[in-house]
Amino acid sequence: MEDSAKERVVDDEITLVPYYPNSAVTLAWYQDPGVCKQVDNIDHVYSIELLERMYTFLSTHGNCYYIQYKGVLVGDVTLRDNAEVCIVVRREYQNRHIGRRCILDMLALAREKGLREVTANIYAFNMQSQRMFESVGFHKTAEEWYACRLDAEPAANGSGM
């Protein structure tokens with residue numbers, strides 16, 4: 001996609017790098033059973049085939065980026081064509097507000113695209129993700145679904161809209 005053809009600088013620590021095949025690095029993120037449970041509600045890790053199918057889908061149905069934190073790839077984030085946002089951050093890099101900052105940037109990208117709302121599918125047991133999404137303006141709309149209206153600019157500190 002043309003919109004994801006260039007890097008997005010989130011801040012002095014985070015850059016979003018457009019997707020390119022890189023399973024030698026990315027497969028390790030999806031070998032953590034806890035992370036796979038968080039993002040896909042599955043009790044097994046990804047195979048290389050599943051990983052490649054996932055990235056093929058995300059990169060052809062939205063703006064898919066790797067999250068580069070202090071020079072290291074630590075996860076991925078996608079704004080899908082249907083206005084759903086998806087994110088994964090390696091466990092050892094969680095709780096550093098990386099996800100929050102990337103989601104705020106995806107909301108900015110959604111505004112650039114003229115979208116009025118962005119959604120996220122978050123499993124009921126994933127309280128950590130629920131709190132993070134709520135902190136940047138998402139509200140629960142249905143079982144395991146959250147939405148963020150893009151009528152207003154986000155708060156400068158990322159504490160909501």
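Biologist: The axes of helix H4 (residues 98-112) and helix H5 (residues 127-135) come within 10 Å and cross at roughly 45 degrees. Why is H4 called oblique to H5?

Modeller: Angles under 35 degrees count as roughly parallel, over 145 as roughly antiparallel, 65 to 115 as roughly perpendicular and the rest as oblique. The H4 and H5 axes cross at roughly 45 degrees, and that makes H4 oblique to H5. Axes here are lines fitted to C-alpha atoms, for helices over the stretch in contact, with angles from 0 to 180 degrees between N-to-C directions. Please keep in mind that this is a predicted model, where local features need pLDDT of at least 70, side-chain atom pairs count only at pLDDT 80 or more, and totals for chains, interfaces and linings use all residues. Residues are numbered from 1 along each chain as its sequence is written, and side-chain values use heavy atoms, leaving out hydrogens and water.

Biologist: Which residues of H5 are buried, and what covers them?

Modeller: Gln 130, Met 132, Phe 133 and Ser 135 are the buried ones (buried is under 20% relative accessible area, exposed is over 50%, partly exposed is in between; 1.4 Å probe, protein chains only). Their cover includes H4 itself, along with strand E5 (85-89), strand E6 (117-121) and strand E8 (145-149). After H5 comes Gly 137, with a positive phi near 110 degrees.

Biologist: What makes strand E3 (residues 62-69) mostly covered?

Modeller: Seven of the eight residues in E3 are buried. Helix H3 lies across E3 and strand E4, running at about 115 degrees to E3. All these helices (H or I, at least four residues) and strands (E, at least two) are DSSP runs, numbered from the N terminus.

Biologist: How do you know that E3 pairs with strand E2 (residues 14-18) and with E4 (residues 72-80)?

Modeller: Two strands pair if DSSP finds at least two bridges between them. Five bridges join E2 to E3, and eight join E3 to E4, so both pairs qualify under the rule of at least two. E2 and E3 run antiparallel, as do E3 and E4. As examples, Val 17 has Tyr 66 of E3 as its bridge partner, while Ile 67 is partnered by Gly 75 of E4. Two residues lie between the strands in the hairpin of E3 and E4, where Lys 70 takes a positive phi near 50 degrees.

Biologist: Where do strand E1 (8-9) and E5 stand in their sheet?

Modeller: Five strands form an open, antiparallel sheet in the order E1-E2-E3-E4-E5. E1 and E5 stand at the edges with a single partner strand each, so one side of each has no neighbour in the sheet. E1 is joined to E2 by two bridges, and Arg 8 has Leu 16 of E2 as its bridge partner.

Biologist: What is the strand order in the open sheet of three strands?

Modeller: The order is E6-E8-E7, with antiparallel pairing. E6 and E7 are the edge strands, each pairing on one side only, and the twist averages 35 degrees from one strand to the next. E6 and E8 pair over five bridges, with Tyr 146 of E8 as the bridge partner of Ala 120.

Biologist: Why are Asn 41 and Glu 144 called partly exposed?

Modeller: Asn 41 has a relative accessible area of 33% and Glu 144 has 23%, so each value lies between the 20% and 50% limits. Asn 41 sits in the loop between helix H2 (33-40) and H3 (48-60), and its phi is positive, near 55 degrees. Glu 144 is in the loop between strand E7 (139-142) and E8, with a positive phi near 70 degrees. Most residues other than glycine have a negative phi.

Note on methods
Contact = heavy atoms within 4.5 Å.
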